[in-house]
Amino acid sequence: MLDVDIEDPALDGGVAHLYSGGADSSLAACRLAQVFPAVHLNTFDRFGFLVASRFPTVHFERMRQRFPQTRFIHRVIPASRFYDEVESYRYWGCLRRHGLLVLNTCGHCKVALHWRNLVFCLQNGIRYASDGAVMNAEEFAEQNPRILMTELEDLYAHFGIKLLHPSYEKGLSTEGTLHDLGITSQRRIKMTTKDLQVVCTQHVLFGMMMRVILTRLSFPEYEAAARAYLHGKLEHIKETTSEFLAKPGEDTLVARLLG
Amino acid sequence: MQVPLYTREGAGPKKRLSLASALIVCALAVPLPVRARIAFTFAINFLYNHILATSRLVLAFIGRQLTHAMIFLTYFLVLGPLALAARLLGHDDLGAREEPRWLSKEPADATDERFQRQF
């Protein structure tokens, strides 16, 4: 099911999973639990998020009971500075070149969270990372193979880490599968009161940006433009993270972002 | 020229009002620093999620201010000038310029018919 070599000794180091507490990332965590002995559930918090401490723990206890052989380690990691850096990096130049794509808040957010997750992997010697990307959410850059999915895989691969998408499968009903696994009490949880996960308030700005941009561009044109725009951000991440690794203990950008 | 406004291929045309509101929000958000932009989206979220309640509050406020303005304008632009004009033309409907005196009053109608129709 997962694209991993089960003989790889790096599996013992576990996997760092971007975990919001929703159905998609919870199912991804369950699938990881079938392969990895340790799953680090990294819930990222930043200015603009509403993260209630109980949100990501709703499915957490049931997952531990369902997969007793796997060690789930849940953390809430602050990532505000990473987001600020991604969004504000060459902002006015990007506005000139890419227009309203500078308001691609969801793209910035996922790039920033993956960056923080990458740094977490590098600091803890973890060779596998994962997210809750699903099919048919292609307006979101990190869940679109023509925008950011492969770019993110390349970013992790640059540092010797493999990025997995356990829930990215055609025709998969994440809610139904999660219910069948006994993690959720009902088959439908998205958009209900049971859907307790990290809530972001910047979706509205992303929606407004898409509304304006898609009056001028077709969706494939938007994908190409978004890819070109976010590629610049990823290059910056690659460069600064390499500097962080090359100069341990020094006052590099990533060291400052980590505080 | 009529331009069809589509969000995605196959989707219905967007209303011009929603496109205009999106343009306004984007134009306001672009020049803000990162954290201010995030705070701005909080405000926009609140406004959109509570648009009915917010518009009721705003309209109630406007209504109160408008009532005050209308009373002020009616008094100073209608009633005041009319009273001044009437005075200049010598009208004295209340008899305020006359000497105080007793006014004769018709005797009360004490018939049964008046008793049946008191008002």
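**View 1. The contact between chain A and chain B in the predicted model draws on 22 residues from chain B and 21 residues from chain A.** On the side of chain B that touches chain A, helices α1 (16-29) and α2 (34-49) of chain B each supply at least two residues, and the largest share, eight residues, comes from α2(B). Sorted by class, this side of chain B comprises 14 nonpolar, four polar and four charged residues. The model as a whole, which is a prediction, scores ipTM 0.81 and pTM 0.76.

**View 2. Chain B is built from four helices and zero strands.** Followed along the sequence, chain B reads α-α-α-α, and the domain assignment divides chain B into domain 1 (11-49) and domain 2 (51-92). The C-alpha centres of domain 1 of chain B and domain 2 of chain B are 37 Å apart. Of the 119 residues in chain B, buried residues account for 5%.

**View 3. Confidence along chain B is summarised by a mean pLDDT of 82, with 88% of its residues reaching 70 or more.** Residues 1-12 of chain B have pLDDT below 50, although this stretch has 15 contacts in the model beyond near neighbours in sequence. Where pLDDT is low, the predicted coordinates should not be read in detail.

**View 4. Helix α1 (residues 23-33) of chain A is mostly covered, with 10 of its 11 residues buried.** The buried residues of α1(A) are Ala23(A), Asp24(A), Ser25(A), Ser26(A), Leu27(A), Ala28(A), Ala29(A), Cys30(A), Leu32(A) and Ala33(A). The elements that cover these buried residues of α1(A) include the strands β1 (15-18), β2 (38-45) and β5 (128-130) of chain A, together with the helices α2 (60-66) and α7 (174-180) of chain A.

**View 5. The largest nonpolar core has 73 residues, and those with the most contacts inside it are Ala29(A), Ala112(A), Ala129(A) and Met209(A).** Helix α5 (residues 105-124) of chain A gives the largest share of this core, 10 residues. Ala29(A), one of the residues with the most contacts inside the core, is also among the buried residues of α1(A). In soluble globular proteins, nonpolar side chains tend to be buried together.

**View 6. The surroundings of Ala112(A), one of the residues with the most contacts inside the largest nonpolar core, are shown in close-up.** When residues up to four places away in sequence are left out of account, Ala112(A) touches Ala79(A), Phe82(A), Tyr83(A) and Val86(A).

Note on methods:
Residues numbered from 1 in each chain as written. Chains lettered and ligands numbered in written order. Predicted model: local features only at pLDDT ≥ 70, side-chain atom pairs only at ≥ 80, totals over all residues. Domains from an automatic or database assignment. Core = buried A, V, L, I, M, F, W, Y, C linked by C-beta atoms within 7 Å. Buried ≥ 20, exposed ≤ 12 C-beta atoms within 10 Å, placed from the backbone. Contact = placed C-beta atoms within 7 Å. Nonpolar A, V, L, I, M, F, W, Y, C, P; charged D, E, K, R; others polar. pLDDT = per-residue confidence, 0-100.
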